[in-house]
Amino acid sequence: MTARTAPFNVRGLSIRNRNMYIYIYGFLLFLDELVFSMSGSSALSESGHQDSMDCLRATEKCNQDQKCSHRFRIMRQCLAGKDRNTMLANRDCQVALEVLQEMALFDCRCKRGMKKEMQCLQSYWSINIGLTEGEDFYEPSPYEPMTPHRHSDAFRLASIISGIHSGTSKGQPHCSDPSRPCNPCLDATKACNLNENCKRQRSNYISTCTRAQTQGQQPSQPQSQDSCNRKRCHKALRQFFERVDTQYSYGLLFCSCKDQACAERRRQTIVPSCSYQDKTKPNCLQLRNTCRLDVHCRSRLADFHTNCQMTPHSISSCLNDDYQACLASYTRLIGTDMTPNYMDSGHSNFTISPWCTCRGSGNQEEECEKFLQDFRENTCLRNAIQAFGYGSLPKPDPQPTTGSAKPDLEPTAIVSKTTMEPGEEPCIISSCANLNVPGSPPNTRVEDPRNSSPGTKALTAALMLGLLFAFESLTM
Amino acid sequence: KRTKRAKKRAKPCSLREVEVTVSQLGLGYKSDETIVFHYCSGRCTTSRRNYDLSLANMKRLQLLTKDQKDKARHSPCCRPTAYEEDISFLDNDNKYHTIQEISAKACGCV
């Protein structure tokens with residue numbers, strides 16, 4: 001899959017360097033995939049990625065087996081009761097649980113956007129609802145683990161988009177036009193408007209979310225002009241993000257901004273006046289409870305917590321360095337009760353939060369703050385958004401680069417950089433470099449020692465080739 | 001010279017497109033968003049009916065008064081027969097607007 005997209009990335013290069021880049025790029029990709037498949041293979045088989053059945057089929061299968069369906073019925077009764085814990089301590093329940101745990105039923109997951117997703121999720125939660133006691137803060141995701149991406153396609157797409165804007169398109173790119181302020185969010189809107197599907201879906205959710213609620217409105221409520229139909233707005237938003245290519249939707253949502261006009265446009269993307277803001281700000285834990293009553297919201301929140309959780313073990317702060325997974329599960333929260341958004345139109349820094357506060361938490365203030373922090377101070381999410389918007393990886397903050405993590409990150413970093421000419425997208429490249437490493441030279445390509453001279457490039461290629469053969473002979 | 005003239009002949013009525021900003025539509029909205037504006041353009045000579053030919057002839061023979069003549073069209077016009085769905089955009093004051101029937105979807109000689 002990665003190899004297929006490769007030729008597109010080379011487009012932005014001058015012909016002189018093109019061949020050289022193709023070779024290096026090819027090697028790096030190959031090596032990257034090789035290393036990853038080797039390191040990732042154990043983890044994949046462990047999580048049962050291949051053999052996990054969807055919950056609808058698993059339930060069906062269980063119902064066909066008399067022994068399983070019998071235990072399943074008992075189990076459901078055990079879980080349905082209000083006093084779940086005492087019920088679970090019951091011997092019959094424990095036996096049923098023990099037997100069922102051996103079956104496929106407990107490993108079942110649902111696919112994102114599958115047919116009958118709702119029923120599948122319902123089936124999932126009916127089995128798993130009581131089993132996460134104690135671990136109530138984070139619930140495991142009912143969705144299949146995403147195929148690991150490690151800042152791949154979306155980020156390459158981002159650079160492809162910026163390539164379109166700077167090179168091939170007829171219109172003048174804003175960022176190289178000195179008479180106009182650089183506004184990547186406006187460029188993303190243009191890209192969307194030029195795509196028939198994106199334009200239609202965008203217009204659809206905007207008109208739904210801005211339409212005043214007229215049906216069923218009593219004439220006694222004259223000030224109904226700014227009250228929209230939130231449910232329909234949410235549905236239209238979910239539809240937009242489900243049906244439109246991420247290359248367009250992420251562009252609108254995660255564009256990188258240098259000024260307030262741009263950041264305000266970014267904040268307005270989801271029509272916050274209807275989909276986000278409310279008259280009152282509920283307590284976050286209360287909002288979480290509301291969310292957990294809804295199968296979709298609960299599942300997507302659990303998925304967000306799974307894919308955007310911070311980990312100290314990687315430079316990116318994300319699990320498996322998978323930005324794509326985090327952005328995808330963040331995006332899927334939009335249009336639920338837990339809809340997140342940018343808090344303000346600050347451009348140098350941004351804060352993301354659902355529409356809630358931790359005031360009035362009582363003795364649960366700590367838990368509430370912890371919950372809110374996963375949105376507001378989530379470095380994984382922040383890095384993922386920045387990496388998308390700026391078309392390259394954010395540099396690790398102050399910590400020194402650890403030797404072990406470096407080879408993992410390097411290849412893709414080069415990929416995203418080489419897709420652009422030095423002078424092509426001055427706004428995007430330099431603002432990225434300036435934002436992450438204050439005071440560093442704007443040209444990130446020179447910064448990278450591996451890219452410094454043709455000689456070193458050739459040397460690296462040779463080294464890679466050697467390594468490649470070594471790996472191959474090892475695997476044989 | 002003849003070949004040059006042949007080349008110059010306009011294409012038949014069809015849908016064309018141009019990229020414009022919403023401000024350039026001249027509807028009073030101020031927005032830098034770019035949209036694709038579809039419009040109808042081209043000749044309708046091939047779809048002239050007997051009506052058109054007859055009317056043209058009447059005009060040539062001065063059978064209509066000057067006032068009547070000016071307003072009678074003896075050739076079909078290339079016009080939209082259907083319009084695209086609504087287009088929504090964010091203006092420069094961060095307000096959303098939706099405009100209807102702004103872009104042609106199909107053209108015809110009517």
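This briefing describes the fold, the nonpolar cores, the ring pairs and some local features of a predicted model. Local features need pLDDT of at least 70 and side-chain atom pairs count only at pLDDT 80 or more, while totals for chains, interfaces and linings use all residues; side-chain values use heavy atoms, with hydrogens and water left out. Residues are numbered from 1 along each chain as its sequence is written, and chains are lettered from A, with ligands numbered from 1, in the order in which they are written.

**Chain A as a whole**

- Chain A has 23 helices and two strands; these are DSSP runs numbered from the N terminus, with helices being H or I of at least four residues and strands E of at least two.
- Of its 476 residues, 50% count as buried (buried is under 20% relative accessible area, exposed over 50%, partly exposed in between, with a 1.4 Å probe and protein chains only).
- Among contacts in chain A between residues at least 6 apart in sequence, 71% join residues at least 24 apart (contact means heavy atoms within 4.5 Å).
- The chain exposes about 23,900 Å², and carbon and sulfur atoms supply 52% of that area (Shrake-Rupley method, 1.4 Å probe; for residues, only the protein chains shown count as cover).

**Nonpolar cores**

- In soluble globular proteins, nonpolar side chains tend to be buried together.
- The largest nonpolar core holds 60 residues, of which Y205(A), F254(A), M338(A), L381(A) and I385(A) touch the most other members (a core is a set of buried Ala, Val, Leu, Ile, Met, Phe, Trp, Tyr and Cys residues joined through side-chain atoms within 4.5 Å).
- Leaving aside neighbours within four places in sequence, I385(A) is in contact with F254(A), L327(A), Y342(A), F350(A) and I352(A).
- Another core, of 23 residues, lies apart from the largest one; F72(A), L97(A), I127(A) and Y143(A) are among its members.

**Aromatic rings**

- Over all chains there are 14 aromatic pairs (rings of Phe, Tyr and Trp, the last by its six-membered ring, pair if their centres lie within 6.5 Å; planes under 30 degrees apart count as stacked, over 60 as edge-to-face and the rest as tilted).
- Y124(A) and W125(A) form an edge-to-face pair, 5.0 Å centre to centre with 90 degrees between the planes. Y124(A) is buried at 2% relative accessibility, and W125(A) is buried at 6%.
- In chain B, the ring centres of F37(B) and Y39(B) are 6.4 Å apart and the planes are at 15 degrees, so this pair is stacked. F37(B) is partly exposed at 24%, as is Y39(B) at 32%.
- Y250(A), F254(A), Y330(A) and F388(A) are linked into a cluster by ring pairs.
- R332(A) lies over the face of Y143(A), 4.9 Å from the ring centre (NZ of Lys or CZ of Arg must be within 6 Å of the ring centre and within 35 degrees of the ring normal).
- R382(A) lies over the face of F350(A), at 4.9 Å from the ring centre.

- Helix α9 of chain A, residues 184-194, is mostly covered, with ten of its eleven residues buried. The buried residues include P184(A), D187(A) and K190(A).
- N183(A) caps the N-terminal end of α9(A), where a side-chain oxygen lies 3.1 Å from the backbone nitrogen of C185(A).
- K116(A), in the loop between α6 and α7 of chain A, has a positive phi near 55 degrees without being glycine. K116(A) is exposed at 55% relative accessibility.
- S317(A), in the loop between α16 and α17 of chain A, has a positive phi of about 75 degrees and is not a glycine. S317(A) counts as buried because its relative accessibility is 12%.

Key
Polar contact = N/O pair within 3.5 Å; in protein donor to acceptor, adjacent residues only side chain to side chain.
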